[in-house]
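Student: I would like to work through some helix packing and ring contacts. Please show the sequence and the model.

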Amino acid sequence: ILYAEQEGWLAVFREVLAEVPPELSLAQAAINAVLHMPPIGDPAILDLIDELKEREPSPEIKSAILAVEDLARRELAEALAERNGVPLAEDPKPAIIAAATIAASGWFREYHVLAPGFDMSQAPAQFSKVLKVALGPFDD
């Protein structure tokens with residue numbers, strides 16, 4: 001499930017990030033990109049979330065989640081560096097923002113999305129608040 005449409009959602013992820021107005025900070029660009037990440041409403045992802053709520057994920061599922069998070073972190077860091085016009089190797093800020101973004105995503109998934117009774121319709125608004133807390137120091 002996590003890998004099936006990887007290239008498709010990565011392409012949409014890049015498009016969404018490219019459409020963020022240039023006057024927004026790197027932190028705001030990251031927030032906008034992850035809030036519009038295509039897998040969020042994917043029925044297969046929603047089924048996986050339901051399954052994860054019912055039982056502890058297998059080592060294979062945990063590994064797949066970490067691999068997808070790492071891929072998203074790298075893609076986001078590279079896209080933010082490109083947006084910033086400075087190579088990633090010369091400016092750590094895009095990588096730090098990307099890491100904070102993906103860490104906030106993992107925290108939100110573990111403590112909110114997978115919590116019993118969580119209302120997925122509230123996820124975008126609640127996740128946006130978490131991202132603003134996580135990325136607030138970088139919002140310049």
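Student: In which helix do Trp 107 and Tyr 111 both lie?
Tutor: This is a predicted model. Trp 107 and Tyr 111 are four residues apart, about one turn of the helix. Both lie in helix 5 (residues 93–113).

Student: What class of aromatic pair do Trp 107 and Tyr 111 form?
Tutor: The search of the whole structure finds three aromatic pairs. For Trp 107 and Tyr 111, the centre-to-centre distance is 5.9 Å, with 40 degrees between the planes. Stacked requires under 30 degrees and edge-to-face over 60. The pair is therefore tilted.

Student: Is Trp 107 buried, partly exposed or exposed?
Tutor: Buried means under 20% relative accessible area, and exposed means over 50%. Trp 107 has 41% relative accessibility, so it counts as partly exposed.

Student: Which residues do ring pairs link into a cluster?
Tutor: The cluster is held together by ring pairs. Its members are Phe 108, Phe 118 and Phe 127.

Student: What span should helix 6 have, at 1.5 Å a residue?
Tutor: Helix 6 (residues 123–135) has 13 residues. The expected span is 1.5 Å times one less than that number.

Student: Why are the buried residues of helix 6 on the same side?
Tutor: The buried residues are Ala 123, Phe 127, Ser 128, Val 130, Leu 131 and Leu 135. They are on the same side of helix 6 because they cover an arc of only 165 degrees around the axis.

Student: Which helices do the buried residues of helix 6 pack against?
Tutor: The face turned away from the buried side carries the exposed residues Lys 129 and Val 133. The buried residues of helix 6 pack against helix 2 (26–35) and helix 5.

Notes:
Residues numbered from 1 in each chain as written. Predicted model: local features only at pLDDT ≥ 70, side-chain atom pairs only at ≥ 80, totals over all residues. Heavy atoms only, no water. Phe/Tyr/Trp six-rings, centres within 6.5 Å; stacked < 30°, edge-to-face > 60°. Helix = DSSP H or I, 4+ residues; strand = E, 2+ residues; numbered from the N terminus. Buried < 20%, exposed > 50% of the residue type's maximum accessible area, 1.4 Å probe, protein only. Arc of directions from axis to C-beta. Contact = heavy atoms within 4.5 Å.
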